[in-house]
Number of protein chains: 2
Amino acid sequence: MIQAAVLGYGTVGSGVVEVIEENRSVIKRNVGEELHVKYILDLRDFPGDPYEKKVIHDFTQIMEDDEVKIVCETMGGVGAAYAFTKQALAAGKSVCTSNKELVAAHGPELLALAAAHKCSYLFEASVGGGIPIIRTLNNALTADRIEAITGILNGTTNYILSKMEKEGASFEAVLKEAQEKGYAERNPEADVEGYDTCRKIAILSSLMTGKSVNYEKIYTEGITKITARDFAYARALGMSIKLLALSRRVGEETLAMTAPFLISSDSPLYTVNGVFNAVLVKGNMLGESMYYGRGAGKLPTASAVAADVVDCARHMGETLTCFWDAGEAALVSMDNVARRFFFRVKAGCKERIEKLFGEGLQEIQLPEASEETGYVTGVMKEKEFAALYEQIADVLAGSRIRIEA
Amino acid sequence: MIQAAVLGYGTVGSGVVEVIEENRSVIKRNVGEELHVKYILDLRDFPGDPYEKKVIHDFTQIMEDDEVKIVCETMGGVGAAYAFTKQALAAGKSVCTSNKELVAAHGPELLALAAAHKCSYLFEASVGGGIPIIRTLNNALTADRIEAITGILNGTTNYILSKMEKEGASFEAVLKEAQEKGYAERNPEADVEGYDTCRKIAILSSLMTGKSVNYEKIYTEGITKITARDFAYARALGMSIKLLALSRRVGEETLAMTAPFLISSDSPLYTVNGVFNAVLVKGNMLGESMYYGRGAGKLPTASAVAADVVDCARHMGETLTCFWDAGEAALVSMDNVARRFFFRVKAGCKERIEKLFGEGLQEIQLPEASEETGYVTGVMKEKEFAALYEQIADVLAGSRIRIEA
């Protein structure tokens with residue numbers, strides 16, 4: 001029998017206990033022996049909870065129990081979670097986590113610590129909830145050079161954008177409703193400003209390159225400026241607007257960014273709606289493949305943590321392969337990245353716009369909005385667009401949106 | 001250095017050599033040492049081929065070379081491929097294959113043989129081409145009880161149906177064009193009659209249940225009776241028509257089948273078009289996740305075989321986990337499966353149809369087809385529908401299509 005401990009009995013932590021105990025028989029088959037949760041560490045007590053007797057308040061108890069071989073860190077944050085993870089790994093106890101902040105901030109250090117102590121640091125649940133994207137990158141697409149990763153990695157913002165699109169509603173109205181329903185946090189900044197997505201693409205970019213992509217250096221733009229009107233233009237263009245996280249190899253460097261994009265209906269990401277997440281991976285031999293599922297939620301996330309526990313239990317005394325060195329990956333400057341851009345200006349400056357942007361400009365006139373006009377530029381570099389865009393600041397009717405071809 | 005041999009230098013076999021040699025450095029990183037193809041077995045010679053010196057004609061040479069630890073079987077068929085696979089596994093050489101016929105026919109026997117000789121029998125490329133669905137079921141979704149698998153598993157038929165939908169063309173016209181372009185075989189029976197899809201769902205069903213699902217016992221219906229008119233009705237219903245492979249747990253039994261289905265635009269499978277494949281997996285904790293990519297083609301399929309080779313090379317002397325016993329899985333009779341059905345009758349028998357099918361019947365009258373009427377039934381059992389359908393044989397205007405809710 002293999003014993004595990006769960007740190008933090010919140011939404012994900014209680015889900016992990018539920019998955020491991022409810023799916024006892026399938027997990028036993030997959031591991032080859034029984035797997036149980038021996039301790040649940042939390043500051044609180046849970047009287048009446050079916051697992052209340054497993055609840056303890058002192059991490060030392062877990063560290064001193066040699067029977068506990070696997071620790072699930074579902075506390076979140078980079079304080080106690082970081083300290084406990086280091087202690088566990090240094091003692092040869094594998095750690096499985098859903099904590100993207102900690103993985104993005106200290107991933108390579110914790111992976112190296114695990115390797116030094118013949119155990120594993122696994123973080124499937126940190127990106128894409130229940131979608132097994134980390135395992136796919138580490139263990140499935142192993143004969144390919146991964147060239148690009150494009151993801152919808154945040155369920156809250158995808159829910160908001162899908163609802164704006166479907167109902168023609170404003171960002172503010174949909175956010176308020178999402179907060180009331182519990183789909184968005186009362187402080188929604190981490191989601192709507194793209195910070196959560198940014199950490200997740202930092203992790204995926206690091207796995208793609210094998211080096212460390214610092215999330216603080218990733219260009220990040222949220223969805224707060226997207227309006228109902230923007231979706232009207234998107235519809236006229238046969239497109240949708242999604243908060244995308246991108247990572248691309250550009251020569252020896254990497255382009256990583258998070259921003260809202262117009263995407264065409266040809267993209268497999270076009271129909272990823274509501275709280276669902278998806279990750280599109282391009283390999284040099286495989287071409288494009290996509291992984292789609294619930295990006296958040298108690299049980300999908302817990303299922304991913306529990307699958308990590310199964311992997312550790314199947315490989316006791318080994319370190320599961322993950323290439324992510326501490327050396328920093330070189331990020332390409334956004335300036336020279338070329339793409340098309342969408343922007344909106346007040347009516348009556350057609351000549352000026354056409355003169356500035358020249359060839360390849362496409363005009364979109366919505367019948368219901370004669371007071372303004374939308375434009376899609378030809379393919380141009382970010383810095384070229386930015387320079388021209390600055391010159392039309394006085395006539396803008398909305399904010400520019402990048403187009404992902 | 002680890003040496004491999006490739007059996008059969010056709011499309012997939014030559015792709016495997018190309019992937020392993022071109023992606024040498026990424027594969028070396030992933031394996032931890034160099035991996036090379038030492039022999040290519042084929043009856044033919046390949047003068048001028050970059051790897052012509054590796055070509056041999058006698059399988060004994062591979063068997064007698066202890067350096068060869070991994071064999072890629074990309075010959076196809078169940079004759080020599082079966083014999084060679086057994087010999088290799090019995091000698092402790094792992095076998096990686098794209099041969100779905102052999103896997104569907106002799107999977108459990110070959111897996112047992114591999115386990116008895118501390119090597120592996122891997123078949124990622126046998127289902128879904130480059131989509132890592134086998135590895136996902138065996139190694140990623142290990143904390144879930146898999147409840148259902150629904151797939152678009154054949155690129156040729158999906159290409160034909162997508163093109164019929166887009167262009168309003170007939171099955172015959174699109175098939176002819178697909179044959180001219182090389183997307184369909186000159187003898188297209190295995191694809192269009194659903195036999196290829198049937199073998200693939202037999203493999204996935206076996207992995208889901210852990211027992212053997214005999215492909216000969218799976219209800220299989222092809223796409224040859226689908227017409228341009230059917231797609232006009234599908235459009236009116238907001239649906240598409242796809243050749244689906246299903247596998248579902250029904251109590252302790254399993255429902256497995258292959259047939260064309262009407263699917264709604266809410267389904268993540270709705271937008272899987274052209275030669276792409278996708279597999280939707282439902283876990284009891286994870287909910288739905290989907291895996292999408294190129295289901296066929298030289299390099300995607302070869303990439304999957306090569307990823308299996310990497311897995312073997314990472315785990316020399318071990319048998320990689322796969323639960324698929326020889327004992328036969330109990331299949332549920334189709335008779336009691338309940339769903340909605342679509343059918344078409346000649347004009348002028350409305351009263352008779354409504355009397356027969358009663359409550360829940362939905363009528364669809366296409367403006368361009370006043371000579372007939374389409375109907376969608378309420379939810380009813382296959383055998384109930386079949387009995388009623390028989391009674392209206394004299395007025396049918398096309399063939400019935402099941403609806404996947």
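Which residue in strand 16 of chain A is the bridge partner of A:Ala338? The legends below take up this question first and then turn to other close-up views of the model, which is a predicted one.

**View 1. Strand 13 of chain A pairs with strand 16 of chain A in the antiparallel sense.** In this predicted model, the bridge partner of A:Ala338 in strand 16 of chain A is A:Lys381. Strand 13 covers residues 338–346 of chain A and strand 16 covers residues 380–381 of chain A, and the two are joined by two bridges. As for the confidence of the prediction, chain A has a mean pLDDT of 97, with 100% of its residues reaching 70 or more, and the model as a whole scores ipTM 0.95 and pTM 0.96.

**View 2. Strand 13 of chain A also pairs with strand 17 of chain A and with strand 15 of chain A.** Strand 17, made of residues 401–404 of chain A, runs antiparallel to strand 13 of chain A and is joined to it by three bridges; here A:Arg340 has A:Ile403 as its bridge partner. Strand 15, made of residues 372–376 of chain A, is likewise antiparallel to strand 13 of chain A, and this pairing extends over five bridges.

**View 3. Helix 4 and helix 5 of chain A pack with their axes within 10 Å.** Helix 4 (residues 80–90) and helix 5 (residues 100–116) of chain A cross at roughly 15 degrees, and because an angle under 35 degrees counts as roughly parallel, helix 4 of chain A is roughly parallel to helix 5 of chain A. The crossing of these two helices of chain A is right-handed. Helix 4 of chain A contributes A:Ala81, A:Tyr82, A:Thr85, A:Lys86, A:Leu89 and A:Ala90 to the contact, while helix 5 of chain A contributes A:Leu102, A:His106, A:Leu110, A:Leu113 and A:Ala114. Sorted by class, the residues of this contact between helix 4 and helix 5 of chain A are eight nonpolar, two polar and one charged.

**View 4. Helix 5 and helix 10 of chain B pack at an angle of about 45 degrees.** The axes of helix 5 (residues 100–116) and helix 10 (residues 195–209) of chain B are 9 Å apart, and the two helices of chain B are therefore oblique to each other. Their crossing in chain B is left-handed. On one side of the contact stand B:Lys100, B:Glu101, B:Val103, B:Ala104 and B:Gly107 of helix 5 of chain B, which meet B:Arg199, B:Lys200, B:Ala202, B:Ile203 and B:Ser206 of helix 10 of chain B. This contact of helix 5 with helix 10 of chain B has four nonpolar, two polar and four charged residues.

**View 5. Chain A touches chain B, with 39 residues of chain A in contact with 39 residues of chain B.** On the side of chain A that touches chain B, the elements giving two or more residues are helix 2 (24–31), helix 6 (133–140), strand 12 (287–294) and helix 12 (298–314) of chain A. Strand 12 of chain A gives the most to this side, with eight residues. By class, the residues on the side of chain A that touches chain B are 21 nonpolar, 12 polar and six charged.

**View 6. Strand 12 of chain A and strand 12 of chain B pair in the antiparallel sense.** The pairing of strand 12 of chain A with strand 12 (residues 287–294) of chain B takes place over five bridges, and A:Tyr291 has B:Tyr291 as its bridge partner in strand 12 of chain B.

How values were computed: Residues numbered from 1 in each chain as written. Chains lettered and ligands numbered in written order. Predicted model: local features only at pLDDT ≥ 70, side-chain atom pairs only at ≥ 80, totals over all residues. Pairing = 2+ DSSP bridges. Helix = DSSP H or I, 4+ residues; strand = E, 2+ residues; numbered from the N terminus. pLDDT = per-residue confidence, 0-100. Axes fitted to C-alpha atoms, helices over the stretch in contact; angles between N-to-C directions. Parallel < 35°, antiparallel > 145°, perpendicular 65-115°, else oblique. Left-handed = near helix turned anticlockwise from the far one by under 90°. Contact = placed C-beta atoms within 7 Å. Nonpolar A, V, L, I, M, F, W, Y, C, P; charged D, E, K, R; others polar.
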